[in-house]
Amino acid sequence: MNCSSIDLKAYFLGELDRGAKSACADHITRCDDCHEELERLRLTQTALMTLPDEEIPQRIAFVSDRVFEPRWWQAIWRSGPAMGFASAALLSCAILVHGFTRPAPVVVASAPLTQAIQVDQARIERKIEEQVNLRMAELGNRQAAESAKLVAAVEKKFQFRQRADLVSAQETIRMYQQQMGRLMVAYNPSSNLSNQEGAR
Amino acid sequence: MIFREVEDRDLIAKARRGNVDAHNVLVSRWEKRVYNYLLRLVRNREDALDLAQDVFLKAFQNLKKLDDPDRFPAWLYRIAHNEAYSLLRRRKPETDLEGVEPRVGGSASRMFPAELTLAVDTALGRLSPDQREAVVLKIYEGFKFDEMAEVLGCPVSTVKSRLYTALDLLKETLAPIRIRGAE
């Protein structure tokens, strides 16, 4: 093994595996140049280690320190339920605002449809009215016909009773006249004779 | 170390379920290492502290995306790496980061008063950010090559190339200093 085949700095830095480290160590014991080079590296490292670590002038702030406590809006922003409530409130406000400030073109755009609906409603109302009038007229005619029938029946019945009464009255009058004639004959026979003679 | 890893895994599992206390313990355990890693990259205390704060906040927010708790260190340093390079790009938007000459002297001189420490800091400052980060991850943080590749988002071969070049540059500067100092 020669000087160019070994990684002296890797050996010095402790980066070689066991086999390479052993081979490098053997070479260094036999090579003055590599031995001197290794000594210079060690001196360099010793010099470097004289540079001490400094104490930190101020401890690093913990995330739990007050300086990292979130402000009120940050706390709200990071809170899931609060953000959900805020979102719902914002959505409600947006709906309200939209309701109060609905743009005119939306109404214009829906005018033909509204007119069509109104036309249909008028046509339906007119048909309903026609049907109602027709039915009412039929009903009126039917009632008038039935009333006329009733009146005719009542008049017929009245006339029948009137005729019956008249016949009955005539019969009664005729009976009274017969009775009156018999009575007059019974109380005045001369008159009867005179009457009979006169009749003769 | 084994017990520490087991405890970290438990803490990560709890933190993934939203346990803030577990996350706080994790922060306490890792804040110093992450801060020093960032300090060696950006070379400014205030920036490093701000970045470390951002790193742990992002880690808390994204911990559920971490599939394997055993990869937590590399994952955390990956966040730190991204934060640091985001800052460096903002600072030098018109300059290629590979060619950035790190800031030395000034506040860095006041950071480390000892002569050797100053020399080390200066030598590290002369490295490119990529090279310096490779050294920091390997020498100071003790990551393996594959973990470094995960943190840096590049192949292991690239990691080794950056690290070996950086070690050569540092060796030229620091080893002679030590030798002269020893004499």
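Student: In chain A, take contacts between residues at least 6 apart in sequence. What percentage join residues at least 24 apart?
Tutor: It comes to 33%. Keep in mind that this is a predicted model.

Student: What secondary structure does chain A have?
Tutor: Seven helices and zero strands. From the N terminus on, the order reads α-α-α-α-α-α-α.

Student: And how much of chain A is buried?
Tutor: Buried residues account for 6% of its 200 residues.

Student: Switching to the interface. How many residues of chain B are in contact with chain A?
Tutor: 31 residues of chain B, and they meet 24 residues of chain A.

Student: Which elements of chain B give two or more residues to that side?
Tutor: Helices H2 (20-42), H3 (45-62), H6 (115-125), H7 (129-140) and H9 (156-182) of chain B.

Student: Which one gives the largest share?
Tutor: H2(B), with nine residues.

Student: What's the makeup of that side by class?
Tutor: The side of chain B that touches chain A has 18 nonpolar residues, eight charged and five polar.

Student: Now a single residue. Where does Glu15(A) sit?
Tutor: In a chain A loop, between helix H1 (8-13) and helix H2 (18-30).

Student: What does Glu15(A) touch, leaving out residues up to four places away in sequence?
Tutor: Ala10(A) in its own chain, plus Lys144(B) and Phe145(B) across in chain B.

Student: Why does Glu15(A) count as partly exposed?
Tutor: Because 18 other C-beta atoms lie within 10 Å of Glu15(A). Buried would take 20 or more, and exposed 12 or fewer.

Key:
Residues are numbered from 1 along each chain as its sequence is written. Chains are lettered from A and ligands numbered from 1 in the order in which they are written. This is a predicted model: local features need pLDDT of at least 70, side-chain atom pairs count only at pLDDT 80 or more; totals for chains, interfaces and linings use all residues. Two residues are in contact if their C-beta atoms, placed from the backbone, lie within 7 Å. Helices (H or I, at least four residues) and strands (E, at least two) are DSSP runs, numbered from the N terminus. Ala, Val, Leu, Ile, Met, Phe, Trp, Tyr, Cys and Pro count as nonpolar, Asp, Glu, Lys and Arg as charged, and the others, Gly among them, as polar.
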